[in-house]
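Biologist: Can you walk me through this structure? I would like to start with the overall layout and then look at the sheets and helices.

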Amino acid sequence: MTEELTFEKSHPSAPPPRLPEAGVEAAPRLPANLLRKRPPALPRLSEPEVMRHYSRLASLNYSISENFYPLGSCTMKYNPVANEQAARLPGFAELHPYQDPETIQGALELMWRLERALCEIAGVDRITLQPAAGAHGEWTALRMIQAYHLARGEERSEVIVPDAAHGTNPASAALCGFRVVEVKSAPDGRVDVGDLEAKLSNRVAALMLTNPNTLGLFERQILEVSEMVHATGAKLYYDGANLNALMGICRPGDMGFDAVHMNLHKTFTTPHGGGGPGSGPVGVKADLVPFLPRPTVERENGRFFLDSERPQSIGRVRSFYGNFGMLVRAFTYIQAMGGDGLTQASKDAVLAANYVRKRLEGVLDLPHEGPCMHEFVASARNLAPQGIKALDLAKGLLERGFYAPTVYFPLIVPEAVMVEPTETESKATLDAFAEAVKEIVELARTDPDELRAEPRSLPVGRLDEVRAARNPVLRWRPDGESD
Amino acid sequence: MAERYYTESHEWVQAEGDVATVGITDFAQSQLGDVVFLELPSVGRMLEAGDSFGVVESVKAASDLYSPVSGSVVEVNEALSDNPETVNRDPFGAGWLIKVRLNGDLGEGLLDEAGYKAVTEGQSH
């Protein structure tokens, strides 16, 4: 079942849409060439028809609220309902960003307390809560590092990024104007320290790392890496995408990271993806603090205020104070869990990943030695003799009611299948997932054509991704209309 | 026909006189899957061997393209912008990417057929 667009459903027996009064006076005398020749062809539907349209669309959606979502590297955590209750409290939900700070003391206190909690978790001195997503956090951190070097009279033009990195790392570095230098992974899946040594120089502004890395492996030599990087005067940046493995167990700041980004929409249970928006706070050690985006939230004599008097600040990176609703949700989660609870969450996330990994031994290829951290990367290359690819495995999982793991990432593993179960899933769910993978691998051997025809029972089958990429249709047009 | 040489990053190069034609290998296109977009340099761009000269994007991934040679770009395969699938269909022929007027000889460090085969055998499934 698919759903037609409202434009396609439109019928003349329904009244035209009733638009609210604009609330402002119409602009006087717009030039004729800017005026429409005819009224816009807005869809005409009755109110129940509109309601049913969107309810049906919602029923076609797939979300963490309905089923298992092991999308590797994305930490698709359960979003607790308590978070939503807190975010809907009128004192948070009905604020206006231009309100006098004296009238929003509770909101400022929440930001102040959230900053302290995240500092404790990440091992940093101060945090900006402004960035609106993970990549935005990366960019903000690199801008601060750039400002730090410039303030010392050093123009450093390169940023080193591992070949297993999230694609956003080189993209953020390039957007900041850095030249991206790639460092290789060693055969054990960790940063090749010899190659790093060769790439380090006084041109390097920073090394960007995620730990555990995208293969789900802890970078054991992190202290040595940190020493090497700092010896050249460069800074160490932590991509917090995989922080869910470490809460309460070890801290990026203690590993030597100077700037640490965190995704509230991953590690701290705020909605991820379409349900967002995201939030990507960045923490820094003392020598980067002067460069934090302004304003910061400060406390004096028990009152909270916004401090914009920060002469070395890189400036504002987001309108107002970031995605405040997400800050309320993350703070609620941290308070509800407490330190012990967060530590247990990370331990359970690691346990769940290792359990699934163990259950898939002999089913898929496991190119790196375990144990893993909160996620692991398998390879579907063992299905190549049947002409079956990671993509076919992913489609088979959709047919069996699961969201597919991340496929074809990281790029250094052929036919990669990246699984991140997260800590809240029951053993029964993990078992059902492992059984589904086994069933698909068996089907690949006995009837690969059947597998290639899946999914069969979903609203749509195999989409023509190539045609969609080559000839994207980005908007609906009335018959006969073109650009 | 001049001999074709290869890079470890899966480009090929073939020189006729002082102009070298550059593309990606059949192995590269098979690993990438269906190519949907190519970002290629402008004519006149100066390249050093090892410089990134563009991006090839498939449904699976986007990868940088690295020049096997030093010189200036004298021609770009414009036909690919409408038909990127040509890179999949005929990577060593109609799917060529750029032509470069060489600064001197082909550099050292390029692989011959046998050397490149050894590289791909190490990486294939």
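This is a predicted model: local features need pLDDT of at least 70, side-chain atom pairs count only at pLDDT 80 or more; totals for chains, interfaces and linings use all residues.

Biologist: Which domains does the assignment give for chain A?

Modeller: The domain assignment divides chain A into domain 1 (6-60), domain 2 (81-337) and domain 3 (346-469).

Biologist: What separates the centres of domain 1 and domain 2 of chain A?

Modeller: Taken over C-alpha atoms, the centres of domain 1 of chain A and domain 2 of chain A are 42 Å apart.

Biologist: Now the sheet in chain A. In what order do the 7 strands come?

Modeller: The order is β1-β7-β6-β5-β4-β2-β3 (chain A), in an open sheet with mixed pairing. β1 (126-128) and β3 (179-183) of chain A are the edge strands; each has a single partner strand, so one side of each has no neighbour in the sheet. From one strand to the next, the twist averages 25°.

Biologist: Take β5 and β6 of chain A. Parallel or antiparallel?

Modeller: Parallel: strand β5 (residues 235-238) of chain A is joined to strand β6 (residues 259-261) of chain A by 2 bridges. Tyr238(A) has Val260(A) in β6(A) as its bridge partner.

Biologist: Which strands does helix α5 of chain A touch?

Modeller: Helix α5 (residues 105-122) of chain A packs on the sheet and touches β1, β6 and β7 (282-284) of chain A. The direction of α5 makes about 120° with that of β1(A). Helix α7 (residues 168-175) of chain A also packs on the sheet, where it touches β2 (158-162), β3 and β4 (204-209) of chain A. The direction of α7 makes about 175° with that of β2(A).

Biologist: On to chain B. How do the strands pair in its sheet of 3 strands?

Modeller: The pairing is antiparallel, in an open sheet with the order β4-β6-β7 (chain B). Its edge strands are β4 (35-39) and β7 (62-66) of chain B, each pairing on one side only. On average, neighbouring strands here are turned by 25° against each other, direction ignored.

Biologist: How many bridges join β4(B) to β6 of chain B?

Modeller: There are 4 bridges between β4(B) and strand β6 (residues 52-58) of chain B. One residue to look at is Glu39(B), whose bridge partner in β6(B) is Val55(B).

Biologist: Back to chain A. How do α12 and α13 pack?

Modeller: Helix α12 (residues 390-399) and helix α13 (residues 427-446) of chain A pack at an angle of about 125°, and their axes are 10 Å apart. The two helices α12(A) and α13(A) are therefore oblique to each other. The crossing of α12(A) past α13(A) is right-handed.

Biologist: Which residues meet there?

Modeller: From α12(A) come Leu393(A), Gly396(A) and Leu397(A), which meet Ala436(A), Ile440(A) and Leu443(A) in α13(A). By class, this contact has 5 nonpolar, 1 polar and no charged residues.

Biologist: And α11 with α13 of chain A: at what angle do the axes cross?

Modeller: The axes of helix α11 (residues 324-359) of chain A and α13(A) cross at roughly 30° and come within 10 Å. That angle makes α11(A) roughly parallel to α13(A). In this contact, Ala352(A), Tyr355(A), Val356(A) and Arg359(A) of α11(A) meet Leu430(A), Phe433(A) and Ala434(A) of α13(A). The residues of the contact fall into 6 nonpolar, no polar and 1 charged.

Biologist: Last topic: how many residues does each chain bring to the contact between A and B?

Modeller: Chain A brings 9 residues and chain B brings 7 residues. On the side of chain A that touches chain B, 6 are nonpolar, no polar ones occur and 3 are charged.

Key:
Residues are numbered from 1 along each chain as its sequence is written. Chains are lettered from A and ligands numbered from 1 in the order in which they are written. Domain bounds come from an automatic or database domain assignment. Two strands pair if DSSP finds at least two bridges between them. Axes are lines fitted to C-alpha atoms, for helices over the stretch in contact, and angles run from 0 to 180 degrees between N-to-C directions. Angles under 35 degrees count as roughly parallel, over 145 as roughly antiparallel, 65 to 115 as roughly perpendicular and the rest as oblique. A crossing is left-handed if the near helix is turned anticlockwise from the far one by less than a right angle, and right-handed if clockwise. Two residues are in contact if their C-beta atoms, placed from the backbone, lie within 7 Å. Ala, Val, Leu, Ile, Met, Phe, Trp, Tyr, Cys and Pro count as nonpolar, Asp, Glu, Lys and Arg as charged, and the others, Gly among them, as polar.
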